Amino acid sequence: MKGVSAIPAVAIIPSPLFLWRVKVILFLLWGLCCCKIGWDSVMRMSVDLRDLFLYEAFLYYNPLLLVALMIWLWGVNLWVFAQSSVNYAKVFDLSQTHLSHREIWRCATWLTLVVPTSMTAYLYLYSHGEVSLAASQPVLLYAILLMILLSPFDMFYLSSRFFFLRTMWRIALPLQAITFPDFFMADIFTSMSKVFSDLERSGCRMVHRQVATIAWFEADSICGSHSVAIPLVLVLPYLCRFFQCLRQYKDTKEKTCLLNALKYSTAVPVIFLSALKYHVFPDVWISFYRPLWLISSVVNSLYSFYWDIKRDWDLSILTRIFMFKNPSAWSNLLYGRSWVFYWVLGSNLILRCTWTYKLSAHLRHNYLTVFAITALEVVRRFQWVFFRVENEWNKMTAKQNFEMSSDVMPSESDRLLDSNSHKV
């Protein structure tokens, strides 16, 4: 109608809290649907086939679930660093466009959604007789993730993917001076050695078209549980870290680099003595090689624990990382608390000892136990990151303060020249 002023429409924008609650509800509904479909699919199989099939399905998807867990926890690390005074971007020499903790969590969310969905489709299709379609599910998932990681196009955080791939290349070929991101990521890879081993076995089965087949009965096959590739892949992260230490010694001539290299070399007998079980007589393994494996496991665990608390961390400031700029319930719970000190030391010692279980090829048939221990090792590495990065930041700030003080203080020759210029 003419002469009547139009009333402007007010856009109704839901609050961020409301949107967050809706996302949580949808996530829970999705999780329940996946669990229900997966459980019904497994129950359709015969009892004899059920456990073996779950073992094979678990082989393809458990490494990706552990990667998703590591990404989630890395986002928590970055969030804590952002709340505290630790400038992690300067420690890792990151550009201004580096991923924040929110973007890290976004990547983890997508991976957490895609992997169980693919696993549910795999279980459903196989239980309903669609074997060829079921076999295509893990292959398609791995292919998509690999294409995203290696894509040269400016999408899916190109600069961050390039930084990650470049660091991996520097870890594999330590022909240049070792930087903090190089050996930091290499240390994280040692905790993911079981993940790399399962990724190798999954890729082997996909290449040889053994997905959704009965090839897991053939332990001596090229992709079987007795394959020599298993210990070789397990030991690879430790060898990379070993050669990094030798490179650091070449550049710095510090003897601590050799002691650190010795620490990583103690993981080699743990891995290969365990793998010998499938290549020697049982009596020989029990009487000779198993005691050596136990001794080497204890030596490696205790040596690694000692190095954590003596070299990687600064125990005098163990809880300072939780002194947030804006105090919150988390900082009040963690900062300056003695229980955090004892928890970190105790859990690190226990998980260092159980760590050897996941490196032992002759124990990997207990796949649920190995998965739980590997997940706990990821959690141990997550709490290790806090104190390792803070220790490096404290070293950087102390060095900068020393250089600034040395620049301000005049040298001895300058003081002598100044005294000669004075007229008495």
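Predicted model: local features only at pLDDT ≥ 70, side-chain atom pairs only at ≥ 80, totals over all residues.
Start with the secondary structure. The protein chain has 16 helices and 0 strands. Of its 424 residues, 42% are buried. On contacts, take those between residues at least 6 apart in sequence: 72% of them join residues at least 24 apart. The accessible surface of the chain is about 24,300 Å², and carbon and sulfur atoms account for 70% of that.

Next, the second largest pocket. Its volume is about 630 Å³. Its lining consists of 23 residues, and those nearest the centre are F183, Q248, E254, R388 and K395. Which helices supply at least two residues each to this lining? They are α7, residues 180–191, α9, 229–252, α10, 255–265, α12, 282–312, and α15, 367–408. The most comes from α10, which gives 5 residues. By residue class, the lining of the second largest pocket splits into 11 charged, 7 nonpolar and 5 polar.

Last, the cysteines. A disulfide is a covalent bond between the sulfur atoms of two cysteines. How many disulfides does the model contain? With a cut-off of 2.5 Å between cysteine sulfur atoms, the count is 0. C240 has a relative accessible area of 14%, so C240 is buried, the limit being under 20%. C353 has a relative accessible area of 38%, so C353 is partly exposed, as that value lies between the 20% and 50% limits.

That is the end of the talk.

Key. Residues numbered from 1 in each chain as written. Heavy atoms only, no water. Helix = DSSP H or I, 4+ residues; strand = E, 2+ residues; numbered from the N terminus. Buried < 20%, exposed > 50% of the residue type's maximum accessible area, 1.4 Å probe, protein only. Contact = heavy atoms within 4.5 Å. Areas by Shrake-Rupley, 256 points an atom, 1.4 Å probe, with all protein chains shown as cover. 1 Å grid on protein atoms, 1.4 Å probe; cavity = no way out; pocket = protein on both sides within 12 Å on 5 of 7 lines; lining within 4 Å. Points joined across faces, edges and corners; volume = space filled by probe spheres on them. Nonpolar A, V, L, I, M, F, W, Y, C, P; charged D, E, K, R; others polar.
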